[in-house]
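I opened this model to look up how its chains meet, then to check a few residues inside them.

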Amino acid sequence: MTDKANVLAVEGIGKSFVGFKALDGVDFSIRAGEVHALLGENGAGKSTLIKVLTGVHQPDAGVISLDGQPVHVRDTHHAQSLGIGTVYQEVNLLPNMSVADNLFIGRQPTRYGFIDRRLMERRAREVLAQYDLHLDVASDLSRYSVAIQQLVAIARAVDMSGRILILDEPTASLDRHEVEILFAMIRRLKARGLGIVFITHFLDQVYEVCDHVTVLRNGKLAGSAPTSELPKLDLVKMMLGRTLAVATHGDRRHRPPPEERQLSFKGVGRSRSIAPFDLDIGEGEVIGMAGLLGSGRTETAKLLFGIDAADKGEAWIDGRAVRIRTPQDAVALGFGLCPEDRKSDGIIGDLSIRENIALALQAHRGWFNRLPKREQTAMADRFVKALDIRTTDIEKPVKLLSGGNQQKVILARWLATNPRFLILDEPTRGIDVGAHAEIITLINELCDKGLALLVISSEIDEIVAYSNRVVVLRDRTHLGELSGDEITTSNIMQMIATETGEVPA
Amino acid sequence: MISMKRILLASVFAVAGFGTASAADLTVGFSQIGSESGWRAAETSVSKIEAEKRGIAFKIADAQQKQENQIKAIRGFIAQGVDAIFIAPVVATGWDTVLAEAKEADIPVILLDRTIETADDSLYLTAVTSDTVHEGKVAGEWLAKTVADKDCKVLELQGTVGSSPAINRKKGFEEGIASASNIKIVRSQTGDFTRSKGKEVMEGFLKAENGGKDICALYAHNDDMAVGAIQAIKEAGLKPGKDILVVSVDAVPDIFKAMADGEANATVELTPNMAGPAFDALKEFKDSGKAPPKWIQTESKLFTQADDPMKVYEEKKGLGY
Amino acid sequence: MKNMFIPAAARAAPQLGSLALILFLNYLAFPGFFEIRFQDGRLYGSLVDVLNRGAPIIILAIGMTAVIASRGVDLSVGAVMAVSGALAATMTVAGYPVPVAVIAAIGVGLLCGLWNGVLVAYFDLQPIVATLILMVTGRGIAQLITEGSIVTFNEPGLIFFGSGAILGIPVPILIAACLLAVTIVLVRRTALGLLIESIGVNRSASSYAGLNSKLLLLVIYGFCGVCAALAGIIIAADIRGADANNAGLWLELDAILAVVIGGTSLFGGRFSLIMSAIGAIIIQAMNTGILLSGFPPEYNLILKALVIIVILLAQSFSSLGGWAFLKGEFRAKGTRQQ
């Protein structure tokens with residue numbers, strides 16, 4: 001395995017968009033049988049580099065060479081024929097078509113001009129069998145979990161290209177077990193001699209599966225080293241260019257609980273969504289919510305915010321019974337929700353940052369009570385500054401921002417309504433390390449200002465860092481609550497992992 | 001004979017509202033296309049009147065523009081053992097099977113208003129239709145006679161592009177004026193057989209032709225476009241019927257009103273009475289066994305301001321145009 | 001200029017350019033095209049015809065813009081025109097006062113629109129399917145009202161909506177202009193414009209932000225129905241008759257085309273009512289030009305298609321930043337690096 005030649009190498013790659021250098025003299029190379037992590041904060045140039053490699057963008061400067069020969073990658077199709085396959089974070093498959101269709105779409109085997117389904121399905125089974133995947137290839141892809149869909153996407157990319165595989169945040173929406181399955185597949189492909197580029201935000205995964213790390217920062221190469229020679233702290237430093245300190249608010253945990261918890265939910269539930277639960281939150285409290293994907297975390301958030309109407313239980317606010325049947329009801333009560341799926345439920349992509357920030361307040365004020373543009377601008381400017389939203393212009397469509405900045409825009413949207421209770425569903429998902437720390441700092445600040453917060457996260461370390469109390473969920477049921485010194489990573493893990501019926505007291 | 005009568009009785013009971021006709025000698029089923037236009041509605045009501053006049057039991061099935069409904073209706077008529085079937089076919093092809101069934105049952109079939117394409121023309125007794133080329137020709141000849149040897153620039157409002165009445169009425173009109181070299185069609189555009197397009201196109205024509213001052217006549221492929229165009233002529237400050245002669249085809253009630261007001265000059269009738277000649281041919285065939293010719297052409301009657309248009313208007317108004 | 005992505009002037013350039021070009025071609029085909037004179041108390045000329053004939057399309061396009069901006073489409077507007085025209089004409093003939101007939105016709109348009117809105121917003125039918133229902137049945141309803149014939153009327157009060165004039169300006173143009181002005185004020189001076197764009201871009205996220213998107217959709221479709229009813233009344237009044245079979249036939253396609261030419265994406269979001277109105281005028285200028293040109297009618301549709309392709313290509317080039325690139329790339333670079 002030592003010193004294999006580079007399969008793919010780029011040297012001095014540069015790419016500018018109108019007035020802005022996305023890539024500036026970047027070198028990058030990958031060997032056969034190597035898993036190479038490509039890291040960097042959002043906006044560091046990872047996506048641009050990938051797009052240059054796959055022919056989406058043409059570089060302004062630099063050379064791409066394949067097996068030592070300079071190549072000009074004309075377009076994505078050409079990239080595929082050169083052996084470079086890509087699987088994006090949002091799986092680019094067709095969920096309402098069969099697994100076999102998805103594997104072979106655009107290149108289905110034909111017979112007399114018609115698709116030969118029998119042959120296609122047989123070949124689909126053969127392809128998947130290489131990865132010990134035994135699926136019903138004739139059934140719709142949507143029947144399978146996101147993880148399996150991801151594997152199908154990878155199988156398709158490998159089958160089509162077969163030399164270099166680029167995985168753009170493949171683990172973002174997978175749970176722990178699914179990540180393991182994916183890693184098994186990656187190791188298998190590595191053994192077959194593929195060069196794999198692995199983009200992720202999860203540093204642990206880098207150490208688990210990658211041989212080499214390259215870090216980009218602000219469009220430039222920040223460093224490149226074998227994983228074994230790069231301690232985690234050095235890696236984080238390389239990414240941020242500064243040392244990261246996650247402040248834990250251990251002291252908050254030891255504050256006496258508030259005398260009165262103003263928000264109180266009793267026996268709230270919805271059949272086939274989440275079992276009835278009780279939840280009390282007081283001002284200045286942060287409730288962490290932990291559990292695996294599908295354990296009922298997001299369902300809880302949707303119920304509290306009126307996206308789904310509860311069919312059981314009651315809600316009390318300041319000692320008054322209230323009904324929350326729609327998000328409008330929830331907003332009127334001073335609630336806000338930063339949803340899990342930022343792209344489909346959070347941002348209004350084509351609208352500007354200013355409009356996105358003004359939206360919730362405007363919806364609350366009513367259709368005819370327009371927030372004057374001057375005030376919208378002042379508000380947006382204020383939040384851009386306060387939350388450090390990085391943008392050149394508040395009139396820019398919000399979809400052009402990085403994930404972390406989009407998250408801040410949604411947070412600003414709710415802060416503009418001056419809420420008393422904020423639900424944050426996975427506020428740090430898909431966000432780079434720097435923005436991560438900023439979001440956590442923000443959570444702490446909001447809490448100190450007296451907001452009641454419910455934070456849902458799969459990052460248990462984070463939950464431990466900022467929560468007053470932690471609710472643990474499994475199988476669409478609230479298992480119980482941890483508070484004070486009980487809040488430790490291992491306690492939470494244990495609670496999630498124990499079988500039903502042996503819940504620790 | 002007895003069994004025949006029983007079937008007949010059964011069929012009469014099956015069709016409510018026609019009980020009074022049970023004493024009739026003849027029962028005729030009519031598969032009508034639908035009621036997509038005023039003319040079609042008039043055809044239906046005229047057919048009823050003509051049947052009543054002759055004491056014929058008449059059953060109408062509305063196919064709502066669908067051939068499969070027509071085929072169903074024809075099979076129903078065959079099962080009921082009617083004496084004859086009239087069809088206004090919605091499309092030209094696909095009739096052979098069901099007409100063969102009628103022939104098998106010895107029931108004569110007469111086509112109304114439209115014809116079909118078939119290799120075996122023994123499948124139907126006769127077709128009663130108008131001759132759309134002839135209609136145009138009548139209009140053209142009227143104009144040629146009316147302007148005599150004066151020079152005359154004509155504007156033409158065509159029907160829907162590519163439709164057979166539009167093609168034929170254009171052709172016929174050109175034949176009608178062929179001998180009169182003083183008459184020239186200077187502009188010809190489609191008005192889609194509708195009033196609003198007729199008006200819009202006429203507005204354009206008048207602007208393009210020096211405000212319409214040099215124009216002597218308008219020929220419209222149907223009355224509706226003429227009615228629209230008359231309004232455009234008025235709004236341009238000219239007098240329709242005097243400054244610009246107006247001749248069109250169809251003879252719907254509204255054009256008679258315009259003629260009574262002196263705003264239209266002539267119309268050629270596309271008679272809604274297709275059933276009358278069909279009943280006559282059927283009667284003769286039943287009585288003497290003499291087969292009518294394969295095509296019975298209805299009369300393309302010319303109406304002018306001299307034909308007491310108000311009276312015709314009153315007559316036609318009740319027909320459901 | 002704050003919005004540096006596509007400046008407003010560059011965004012409107014392809015449409016304004018196309019309009020100017022078509023008007024110029026019309027002038028070539030017919031040198032008297034720009035002549036306007038005063039005759040019988042109203043303005044008279046080809047340019048007036050373009051606006052007058054374009055008025056129903058402009059009115060439809062205004063309603064359609066709101067619907068398309070919300071990521072929908074309303075195929076039923078042509079049929080709703082037929083229904084409202086039929087009702088106005090039939091009631092007038094039956095002796096009801098004109099205001100009653102007109103209000104009833106607008107009311108039935110509103111009902112039709114609300115029906116569409118309920119199907120789209122509350123039953124989650126795809127707009128194209130939901131409105132197809134009324135597109136088909138609407139014409140049938142109109143035929144029931146008129147009993148299959150063209151209902152002709154001579155009531156001057158109703159005719160006024162089609163061929164009347166105030167201060168020499170034809171009434172349809174005035175109605176279209178007023179509706180356009182009122183609607184622009186309504187969407188831009190209230191929050192409606194932003195909220196419509198918001199549900200058009202991302203309905204789910206808008207609902208999460210506390211926007212009552214169902215009610216808003218209902219209102220949008222209701223408004224579109226009212227616009228269709230107004231257009232239907234004008235068209236019936238213009239020919240002094242309600243033609244259930246032909247009134248508004250295929251006009252839904254012209255309205256959609258006007259909106260698309262005006263630059264509103266069929267995927268919803270950003271919209272401009274003015275540009276949609278300009279789109280409608282482009283379509284009508286083209287129609288009038290074809291009439292004036294004297295080409296045989298067999299070429300009508302081909303000419304129309306060619307012009308539309310050119311306009312849409314120009315627009316696509318522009319929205320990709322083509323004009324901005326050609327004109328201001330250098331300048332933009334300079335300012336941004338400061």
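**Entry 1: terms and a loop residue.** The model is predicted, so I keep to its confidence cut-offs: local features need pLDDT of at least 70.

I started with A:Glu285. Where does A:Glu285 sit? I found A:Glu285 in the loop between β14 (274-281) and β15 (286-290) of chain A.

Is A:Glu285 buried or exposed? A:Glu285 has a relative accessible area of 3%.

Next I looked for polar partners. The side chain of A:Glu285 makes a polar contact of 2.9 Å with the side chain of A:Arg261. A polar atom of the A:Glu285 side chain also lies 2.8 Å from the backbone nitrogen of A:Gly282.

I then listed the contacts of A:Glu285, leaving out residues up to four places away in sequence. Among them are A:Pro258, A:Asp280, A:Cys447, A:Leu451 and A:Asn468. A:Arg261 is on that list too, and I had already noted its polar contact with A:Glu285.

**Entry 2: chain A as a whole.** Chain A has 18 helices and 22 strands. Its radius of gyration is 24 Å, close to the 23 Å from the globule rule for 505 residues, so chain A is as compact as a globular protein of that length.

Along the principal axes, the C-alpha atoms of chain A fill a box of roughly 70 × 50 × 50 Å. Of the 505 residues in chain A, 55% are buried. I also checked sequence separation. Among contacts in chain A between residues at least 6 apart, 66% join residues at least 24 apart.

**Entry 3: which chains touch.** There are 2 pairs of chains in contact, and chains A and C share the most contacts. Chain A and chain B have no contact between them. The closest C-alpha atoms of chain A and chain B lie 31 Å apart.

**Entry 4: chain C against chain A.** I counted 30 residues from chain C and 38 residues from chain A in this contact. Chain C and chain A bury about 2,900 Å² between them, with 66% of that on carbon and sulfur atoms.

How many salt bridges lie between chain C and chain A? The count is 1. I located a salt bridge between the side chains of A:Glu355 and C:Arg270, at 2.5 Å, N to O. Polar contacts between chain C and chain A come to 7 residue pairs, both residues at pLDDT 80 or more.

On the chain C side, the elements that give two or more residues are α7 (171-189), α8 (192-201), α9 (203-208), α10 (213-239) and α14 (322-336). α8(C) gives the most, with 6 residues. By class I get 15 nonpolar, 8 polar and 7 charged residues on this side of chain C.

**Entry 5: chain B against chain C.** Here 30 residues of chain B are in contact with 34 residues of chain C. The two chains bury about 2,700 Å² between them, 47% of it on carbon and sulfur atoms. B:Arg195, B:Lys207 and B:Glu235 supply 23% of the area that chain B buries against chain C, more than any other three residues.

The rule finds 3 salt bridges across the interface of chain B and chain C. I looked at B:Lys207 again: its side chain meets that of C:Asp49 in a salt bridge, 2.4 Å, N to O. I logged 10 residue pairs in polar contact between chain B and chain C, both residues at pLDDT 80 or more.

On the chain B side, β7 (183-190), α7 (195-208), α8 (223-235) and α9 (253-260) each give two or more residues. The largest share, 10 residues, comes from α7(B). This side of chain B has 6 nonpolar, 12 polar and 12 charged residues.

**Entry 6: one residue inside chain C.** Last, I looked up C:Thr146, which lies in helix α5 (residues 127-146) of chain C. C:Thr146 is buried, with a relative accessible area of 2%. Leaving aside neighbours within four places in sequence, C:Thr146 is in contact with C:Ala86, C:Thr90, C:Val151, C:Ala242 and C:Ala244.

Notes: Residues numbered from 1 in each chain as written. Chains lettered and ligands numbered in written order. Heavy atoms only, no water. Contact = heavy atoms within 4.5 Å. Buried area = accessible area lost by both parts, 1.4 Å probe. Salt bridge = Lys/Arg side-chain N within 4 Å of Asp/Glu carboxyl O. Polar contact = N/O pair within 3.5 Å; in protein donor to acceptor, adjacent residues only side chain to side chain. Helix = DSSP H or I, 4+ residues; strand = E, 2+ residues; numbered from the N terminus. Nonpolar A, V, L, I, M, F, W, Y, C, P; charged D, E, K, R; others polar. Buried < 20%, exposed > 50% of the residue type's maximum accessible area, 1.4 Å probe, protein only. Rg over C-alpha atoms; globule rule 2.2 N^0.38 Å.
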